[in-house]
Amino acid sequence: MDILLVLTALAAAVFYAFGIVLAPLGLRVAPPVAGGAVSVPSSALFFLCLAPFSIDVGSYDPHGLALFMLAGAFFPAVVTLLNFAGNVRLGPNLVGALGNLTPLFAVAIAAVLLGDVPGPWQVLGILAVCGGLLMLALERMRLHAGAALWVLMLPLAAAVLRGAAQPIVKLGLESWPDAFAATTVGYVASAIVLVSVRRVVSPAPLPRDPRMLWYCVIGLCNGLSVVFLYTALTHGPVTVVAPLMATYPLIVMGLNRVIHGDRALTPTTFAGIAISVAGVAVVLAAG
């Protein structure tokens, strides 16, 4: 197993976890649509500034560009809105834990689009990762017993879309193997979607509050996560990258404990963590 691939995928998980844990700081100032219309465009602007120095224009391919734009239409745009909306009602821990089905969707779609079929041991490892994280989700759901079913569907829908984006981008990277190009194009497409949604749903001016800068920080964290994710996908299969990225709920729990003082750790939580870590080990050994 390529250690650089592993570290790159885990870096994507770390930055994604930071984006989730910091979200409540921005949501205190502005609602999800307004926040998304700040975080994603600010990241798009950041990557556009880096584009002349980071994108390999010589390897440009229109097929890859189209696929990056397709993925960008819903990731990170719609995923960001769903995560923010879920964060308001459920908190970062449960939003993070309910994203545990992402690798299942990513691997299933990759098998159809790319023919990237996991081996038996990889399947076992992926199921262990998802099973362990599902234990965390169920534990968090018990603590949020009053949450309506439709609210729980918000992070689950985000998991489906995030899982679908990975094989689509992987397919695009085969034509245009440039993670920075994939990130920049995707973020520009997402920024257009979010700004358009805000004009329709919430056209009121943004709050003139310095705390809105938290959304820029969140956007940067999410953007760096996408760069690392797409870099990992450039060099490795979805069957390995997706389970490693799926470890972010574990990181969310640790960061939430440090940043927000959440100390709701139970024996079930520790068991879920242990099973997930064992599943990751199996995936890496099988890969």
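pLDDT is the predictor's confidence in each residue, from 0 to 100. You're looking at a predicted model, where local features need pLDDT of at least 70, side-chain atom pairs count only at pLDDT 80 or more, and totals for chains, interfaces and linings use all residues. Residues are numbered from 1 along each chain as its sequence is written, and side-chain values use heavy atoms, with hydrogens and water left out.

**Confidence**
- The average pLDDT for the protein is 83, and 83% of the residues score at least 70.
- Helix H3 (residues 62-72) comes out highest, at a mean of 96, while helix H5 (residues 92-97) is lowest, at 62.
- Helices here are DSSP runs (H or I, at least four residues), numbered from the N terminus.

**The salt bridge**
- There's 1 salt bridge in the structure, meaning a side-chain nitrogen of Lys or Arg within 4 Å of a carboxyl oxygen of Asp or Glu.
- Arg 211 and Asp 209 are the partners, at 2.9 Å, N to O.
- Arg 211 is partly exposed at 42% relative accessible area, and Asp 209 is also partly exposed, at 22%.
- For the cut-offs, buried is under 20% relative accessible area, exposed is over 50%, and partly exposed sits in between (1.4 Å probe, protein chains only).

**Buried spots in helices**
- Thr 80, in helix H4 (residues 77-90), is buried, with a relative accessible area of 6%.
- Skipping neighbours within four places in sequence, Thr 80 touches Gly 36, Ser 39 and Val 40, where contact means heavy atoms within 4.5 Å.
- Helix H11 (residues 238-245) is mostly covered, with 8 of its 8 residues buried; among them are Val 238, Pro 243 and Met 245.

Conventions
Helix = DSSP H or I, 4+ residues; strand = E, 2+ residues; numbered from the N terminus.
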